[in-house]
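Here are my notes on the model you sent. Please read them with the structure open beside you.

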Amino acid sequence: MSNSKKNFETRRNLLKLSTCGAMTNATFLSALTHLKMTSSVMAESSIVPTGGYKALVCLFFNGAIDSFNVLTPFGTTQGDARYSEYAGTRSGAALKRTLAWDGAWTGTDYGYLNPIVDSTSAGGTGRTFGLHPRFTYLKQMYDAGHATLVANCGALVEPIVNNNDYNNATRKKPVGLFSHPDQQRHWQTAVPTSRNQVKGWAGKMMDRFTDPALQANNVYSAVSTSGQSLFLTGDRIGGYTIGGVTNSTYTNGGATVINGINGSTGTDRIFTAMQNDFASQTYADVLEQTILNGRIEARDAALALSSAWPTATLPRAPAVQFPLSGLGSQLSAVAKVIKIASSATTNPLQQQRQIFICTIGGWDHHASLLASQDTMIPAIDTGIKAFYDFLNAEGLLSNVTLFSISDFARTLSYNGSGSDHAWGGNPIVMGGAVNATAGNNRIWGSYPNIVLNTSGTGLDRGRGVFIPQTSSDLYHAEICRWFGVPDNRLSEILPNIGNFPYRGTGGNPLGFLNIS
Amino acid sequence: MSHRYNAYLPCALFVFALIGVSQNAEAADFKVATRDDVLVLTSKVQATQFLTHATFGGTKAEIDALALRMRTIGTVPAANEWIDAQVAIPASSQSALERKMFLDDVPYWTLYNRTGVAPDYVYTPRASTITTEHAMSRSGYRTRAWWHNALAGQDQLRLKTAWALSQVFSVSRIANGFDDEEFESSVSGGPSPTRSRFQGLSNYYDIFSNNAFGKFRDILGKVTYHGTMGDWLSFRGNRRAAGGIFPDENYAREVMQLFTIGLYVLNNDGSQQTNAAGPISTYDADDIREYAQVFTGLGYGYGTYSPSSSSLNPYSPYTGTVSADPNGSTKYQVPMRMAPSQHDRGPKYLLNGLVLPSTIGTTGSPTNTDADSNNTTSHTEISANAEIDAALNGLFNHQSCPPFIVQRLIQRFVKSNPSKAYVGRVVAKFKNNGQNVRGDMKEVVRAILTDPEAWQPIRVQYVRSPSPSFVVSTMGSEDSRLQEPVCNFTRFVRFFKGSPEYQKATSGTYPTVVPTPAANIISNEFRIGSLDATFDQNAYDAPSVFNFYLAEFRPTGEFQAFPVSSRIPTGVLVAPEFNIVNAITANATTNFYRGLISTSLRSDTIQTIGSIAGNTITGTSTTNTANVTTLATESTRSRVTFDFSEETTLALGTNVGLPWEDDVLKLIEHLDLYLCGGTLHPRYKLKLGGALIAEITRVNASGVSNAEALEIARGAVLSIVTSPSFLVTE
């Protein structure tokens, strides 16, 4: 209120101000580095990336993929992960093993599991597992030593070894277990004790990798192909959204550019004048200020990407054709940004470290589980394969790691059509950094016997809800360590990591990546 | 006239000025000549504010009429009078309009010429081999019907309330085949109960239109028994536990988490009850399993009822031939019905100590493996339904239900962060409407809209010196709300007198002759398709049962650091609508408005139709043409044009010579008043004035022409609808 009279008095003078100064592209670009630096973020000391370009791609199965049908037991003998236990427990939700041996299988035919081995030659158990029948390319990547899975992995605050341990009232547990928004938040924030957490672990990590003194452009360090992302939100980093693109429709690098700025109509001249003034405006109402900041960032970052894209000296499209699917177009967009950002040619998007998130929803298969997975998994399998081919073709396979997250796995028992909300699951990791070689492959974590043991020493919370025996913190820690986060800085990003003893050789959290 | 000033200025204004401890006030002023001007401006600000809350946007005529009434009988009495009048207007039906639009189009469907059979509403001829969707897809009609109702419906308060409720009980077209066409009986596949789905969503939505001013418990019951919800949350066909198969837990969880009580035990003011371990949860995983047993045995309610059937038909407790289906999708037009033999027989341990005994009268213990559950005594339809009723009553009467639902509704109507006092006042109405009725939606909505806190965000003041002016200021962060993109669009269309035109034509020659639709105007309906790709929001397009955005969403940046007052129940500021703001929607929305303002909203389609081996096909893909023997073309034109004549006239006023400042101000103040409730940020106002003057200066060499004035008006409108003050409402 105090400024109202002053406004009145000065209004007419201000009306005379020229507002026609057009912002150039250079002005936009120089403004980019300041976009997110609005809160007090400089307290964290930065981490200096070494060893060249690295990127992480998080594949988020929104809605909780039934990952005990992604990675199943395949063994037939005592001591192996036994398919017969799986088939008996999962009932109508079980996938078929092979033509020759279906054991207790009673379900509907959706093809045969793809067998893989946890090799003793790689230090594994020698047990055999099945990948979903539609994960045929994933099997190839696993066998080649470029993909793996981590078994019974989930959000924990501290280790819980069995039901007795769970029932110990002093044992800390995540809030909102088995609820979609809560457990999605757990995987994305690594703070499973709070519903008020607003920063993702990737955002916190990128805050530390994106000191403006080290890296010119922060906006493209954390990119979502699927809208607003808690996972990518940090203090300085907010997660920039680009659209999924297909091979043929790629324009402006996936960015949606505002039309009409510096246009030639009267409408556009007035519009341009107001757009050019946005950065000078401040609002006391934090909602108005936040929407304004978002509009400025969206406008300028889109312009930066689109102006970087046509530069003749930069590579344009990847050689690999991506499938026309939700994930295919998202990974295609990621591939194209990676290709520019990792380029040796100086350009506005150039980065040392980048993280992406792609989201594929529709996995909440309370009903029609088998038919739905049969329909949906091929798009995942071919999408990951195309991305793998792209990385190989570009010589980036060891520079990029793709890993999956999902709300939780689903109950092992059947509800007559699908499965319900559970806990520990089996995420997928793909990249040249996977610690395996062809013929020497590992399944990491501890794959449980698929039996419903609700006794005090069992893991089943009822209906086949398994207490995770590998913390998602360890899973994330392995990824962060590979990305270049020093061991003594992990707790800034994963606050509960100290509760979980490392299990990998050479002091690695789990061991599934080659951490140099 | 001072007596009039004192007598008629709504007394509430002075109350607000006194209680308003403004942390964030930002003020803009309007030039006034007399105190009458002040009264008029005040009432217009409040009418705009009220109609922004209560409708899909006030037209100028509506705002002016309500403002006049506010000056005549006072602000709140006028608001109550308006609410009473709105409540009396019959509901605009989504499903009926969807059907009408469909039938209006039928004569233009060359598709039907093939068989000579009169088209009906039930079956769409379509070859089973066709992979491209029919361009006349019936699923699009529900979206067009929704837009037309929102933009043209007279029952605006009912429509807005239904929209709010639909965002609590969120369903979406994205799953369960809700978009599926039905098949003609002569085409492979035949009429199938799994395929007659497309009208389920509009029928479900009508629950909210029809009961917007009814009872919350009725809405909860109708939702629970609706086949659309049964499919959406997968409890239709849910059976009692047997043979290692357990009841689906989906509805049991979400009916608590999202539709009634939420995650935490709440006080009447919306704050969370706590103990030593922190906030108290309303339920745990074991409770969900108990409720899952309650929601067993329901199936579609059509056909020949066979309650004694020992095995539940996957679709229905009914057997025999599917009866005639004159209205589209029977299974979604009648409530689900119980197959009692499939309803769980054991005891159920529900919240707040409610125990439902087994069918043999035992209460056992709260586990899933009770011997009592496996007894041979089946429920009856009555006893099984009584269990569902008892469970829903328990949730409806739970202490968390009123504050949980009230907070969500206030977020949809007024503000993102209602104070404890505001929540408490509306909760009191929810619990008892004054006549010992709980959950009376009419009184809940009235309490939300007429509460002092609904007006508080905008303050008005008359300042005498240095020159008389009318000052509008806002209370700031805790009192505002990022408006939904859908509602911003409706505000725009309604204020600028969006004028729809819908045309259709057919031709037998393809592709050389493209039919001209102009000769066949068949309606003046808003046939607008989904805008989800631009907004990340559109009716029927929510990404999940968690709606378009999470009620608890908090954007990053300055927002996080905001010092929240003790008035806010949970101690943190939320802003759900930021959940759908990103770099794509932000720019796409700006481009969308620039397109609307520069030209119009238009969607022209040309659809080719042909036949292969006796089966009709459709699709614009030319890859099909090789085997096509006959072809026809349909064209459709749907346009909405906007009226900027008043703004253009204001811009033309500048044509009479220098200086133009006063005329430019009139244009800006006109837009500010009706679209921003007078809250346009002072700097924005000044800069926009500068930009308009610069443009006038540029073109004025030979005088501002009509065309140039229109450009200026459009520039002003575009600048307003892309301003933070328009996007954030008070």
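1. Ground rules. This is a predicted model, in which local features need pLDDT of at least 70 and side-chain atom pairs count only at pLDDT 80 or more, while totals for chains, interfaces and linings use all residues. Residues are numbered from 1 along each chain as its sequence is written, chains are lettered from A and ligands numbered from 1 in the order in which they are written, and side-chain values use heavy atoms, with hydrogens and water left out.

2. Extent of the interface. Chain A has 82 residues in contact with 93 residues of chain B (contact means heavy atoms within 4.5 Å). About 7,700 Å² is buried between chain A and chain B, and carbon and sulfur atoms give 60% of this area. Buried area is the accessible area (1.4 Å probe) that two parts lose on being put together, summed over both.

3. Pairs across the interface. Between chain A and chain B there are 28 residue pairs in polar contact, both residues being at pLDDT 80 or more. A polar contact is a pair of N or O atoms within 3.5 Å; within protein, one must be able to donate a hydrogen and the other to accept it, and residues adjacent in sequence count only if both atoms are side-chain atoms.

4. Who supplies the chain A side. Helix 9 (286-308) of chain A is among the elements that give two or more residues to the side touching chain B, and helix 9 of chain A gives the most, with 12 residues. Helices and strands here are DSSP runs (H or I, at least four residues, for helices; E, at least two, for strands), numbered from the N terminus. The residues on this side of chain A divide into 30 nonpolar, 33 polar and 19 charged. Ala, Val, Leu, Ile, Met, Phe, Trp, Tyr, Cys and Pro count as nonpolar, Asp, Glu, Lys and Arg as charged, and the others, Gly among them, as polar.

5. The three-stranded sheet. In chain A, three strands form an open antiparallel sheet in the order 2-4-3. Strand 2 (71-73) and strand 3 (114-117) of chain A are at the edges with a single partner strand each, so one side of each has no neighbour in the sheet. Two strands pair if DSSP finds at least two bridges between them. Three bridges join strand 2 of chain A to strand 4 of chain A, and Leu71(A) has Leu131(A) as its bridge partner. Strand 3 and strand 4 of chain A pair over four bridges, with Ile116(A) opposite Phe129(A).

6. The eight-stranded sheet. Another open sheet of chain A has eight strands in the order 8-7-9-1-10-11-5-12, with mixed pairing. Its edge strands are strand 8 and strand 12 of chain A. Strand 5 and strand 12 of chain A pair in the parallel sense over two bridges, where Ala151(A) is partnered by Gly445(A).

7. Salt bridges. How many are there over all chains? The count is 55, taking a side-chain nitrogen of Lys or Arg within 4 Å of a carboxyl oxygen of Asp or Glu. Five are between chain A and chain B, including Arg594(B) with Asp268(A), whose closest N and O atoms are 2.7 Å apart. Arg134(A) and Asp374(A) form a salt bridge at 2.5 Å, N to O. This pair links distant parts of the chain, 240 residues apart.
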